[in-house]
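Me: Hi! Could you walk me through this fold? I'd like to start with the sheet and then look at the helices.

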Amino acid sequence: MLVVLSGLPGVGKTTLACAVALRVGGIHLRIDTIEAAMTESGMVAAAGGWDRVPDSGYQVGYALAADLLRSGHVVVADSVNPFAITRQAWAAAANKVSAGLLRVEIVCSDAEEHRRRVELRTSDLAGLVVPTWEQVQTRDYAPWDAADLQVDTAAGTDRPVDYVVAAIARRR
């Protein structure tokens, strides 16, 4: 099964993804890790602009997800997924190998809590520059029109993790 997480920076995607992957024995696939490695390799311009293909980090993620799914793993894909096109590409990766799909949008309904998280956040990956609150607020992000589940992390991630794990169990 492919579990596709999506949401603005600072809503708790990575925290939730790690916990869900641990609970279900899955693999956490983080686009930030792929893109940071690409930046460190020199493939990506230091200012954050892509030298060749603007969605190359996502393309690597889709290919890795399909390989891992084909091997029988549950994959928890962690990325902003700002547009329908990226969400459809994850679905295509799952469909390609006849894997199940769970689409989860993560929100933080408490704007002050969201802002606090963004402003206190530091990068845990070489080559990853975390966005400012202003950048998060002005980021292009289209809310899901077809999420299977939406979870709110304003009060923490414990319950949202439970909700996602329960949804995975129902689909297995």
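This is a predicted model: local features need pLDDT of at least 70, side-chain atom pairs count only at pLDDT 80 or more; totals for chains, interfaces and linings use all residues.

Me: Great. What is the strand order in the sheet?

Reply: The order is S2-S3-S1-S4-S5, in an open sheet of five strands with parallel pairing. From one strand to the next, the twist averages 25°.

Me: And which strands stand at the edges?

Reply: Those are S2 (27-30) and S5 (149-152). Each has a single partner strand, so one side of each lacks a neighbour in the sheet.

Me: How many bridges join S1 to S3?

Reply: Four, with the two strands running parallel. As an example, valine 3 has valine 76 in S3 as its bridge partner.

Me: What about S2 and S3?

Reply: S2 pairs with S3 over four bridges, in the parallel sense. There, leucine 29 has alanine 77 of S3 as its bridge partner.

Me: Now the S5 end. Which residue in S5 is the bridge partner of valine 107?

Reply: Aspartate 152. S4 (residues 101-107) and S5 pair over four bridges, in the parallel sense.

Me: Nice. Changing topic: which strands does H2 lie across?

Reply: H2 (residues 31-41) lies across S2 and S3 (75-78), and runs at about 50° to S2.

Me: And where does H7 pack?

Reply: H7 (residues 158-171) packs on the sheet, where it touches S1 (2-6), S4 and S5. The direction of H7 makes about 160° with that of S5.

Me: At what angle do H1 and H7 pack?

Reply: At about 45°, with the axes of H1 (residues 13-24) and H7 10 Å apart. That angle makes H1 oblique to H7. The crossing of these two helices is right-handed.

Me: Which residues meet there?

Reply: From H1 you have Leu16, Ala19, Val20, Arg23 and Val24. On the H7 side they meet Pro160, Val161, Asp162, Val164, Val165 and Ile168.

Me: How many of those are nonpolar, polar or charged?

Reply: The contact of H1 with H7 has nine nonpolar residues, no polar ones and two charged ones.

Definitions and conventions:
Residues are numbered from 1 along each chain as its sequence is written. Side-chain values use heavy atoms; hydrogens and water are left out. Two strands pair if DSSP finds at least two bridges between them. Axes are lines fitted to C-alpha atoms, for helices over the stretch in contact, and angles run from 0 to 180 degrees between N-to-C directions. Contact means heavy atoms within 4.5 Å. Angles under 35 degrees count as roughly parallel, over 145 as roughly antiparallel, 65 to 115 as roughly perpendicular and the rest as oblique. A crossing is left-handed if the near helix is turned anticlockwise from the far one by less than a right angle, and right-handed if clockwise. Ala, Val, Leu, Ile, Met, Phe, Trp, Tyr, Cys and Pro count as nonpolar, Asp, Glu, Lys and Arg as charged, and the others, Gly among them, as polar.
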